[in-house]
Amino acid sequence: MNETAGPQKDYEQDLRRAGVRITRPRQVILRILSKTDDHPDAMEIFQRASEVDPSISLSTVYRTMKLLEEKGAIHRHAFEGGRARFEQAGGEHHDHLIDIDTGDVIEFHSTRIEALQDEIAKSLGYDIVHHRLELYGKKRRKR
């Protein structure tokens, strides 16, 4: 599992404030999510949680992810050709480059792309309120 270097997201506190009961399996799932910096799918979260507590079910993972998404604590990404993946909500805006050979998801930010999007929207008479950019590529082979 990839560990973040920065502060961990407190999903448990978010759900408690929303009136959601925090069970032992949910605590395990929330702890895993708070420490990850990748974009795991539900099966990857389930596998990580099962290593900590083998009694955790895949349906508990799905229900927990749905709850967190409804509360705005995580973002669900349905990248083309793959399972839905999840990442922490909040933080700086970024876009994604998906390696179609490995499925790796690389986060990036480009002020040039952001400026161009704003310029295009304004020229068409719009203000951008939300956007998502996903690029799909293959790693260049060295010659």
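Me: What makes the span of α5 close to the expected one?
Reply: In this predicted model, α5 has 13 residues and reaches 18 Å from its first C-alpha to its last. Helices here are DSSP runs of H or I with at least four residues, strands runs of E with at least two, numbered from the N terminus. Just after α5, Gly 125 takes a positive phi of about 85°.

Me: Why is the set of 20 residues called a nonpolar core?
Reply: The term covers buried Ala, Val, Leu, Ile, Met, Phe, Trp, Tyr and Cys residues joined through side-chain atoms within 4.5 Å; buried means under 20% relative accessible area with a 1.4 Å probe, counting protein chains only. The largest such set has 20 residues, with Tyr 11, Ile 29 and Leu 68 among those with the most contacts inside it. Its largest share, 5 residues, comes from α2.

Me: What does Leu 68 touch?
Reply: Contact means heavy atoms within 4.5 Å. Beyond four places in sequence, Leu 68 touches Tyr 11, Leu 15, Leu 30, Leu 33, Ala 73 and Ile 74.

Residues are numbered from 1 along each chain as its sequence is written. Local features need pLDDT of at least 70, side-chain atom pairs count only at pLDDT 80 or more, and totals for chains, interfaces and linings use all residues, while side-chain values use heavy atoms, without hydrogens and water.

Key. Expected span 1.5 Å × (residues − 1). Buried < 20%, exposed > 50% of the residue type's maximum accessible area, 1.4 Å probe, protein only.
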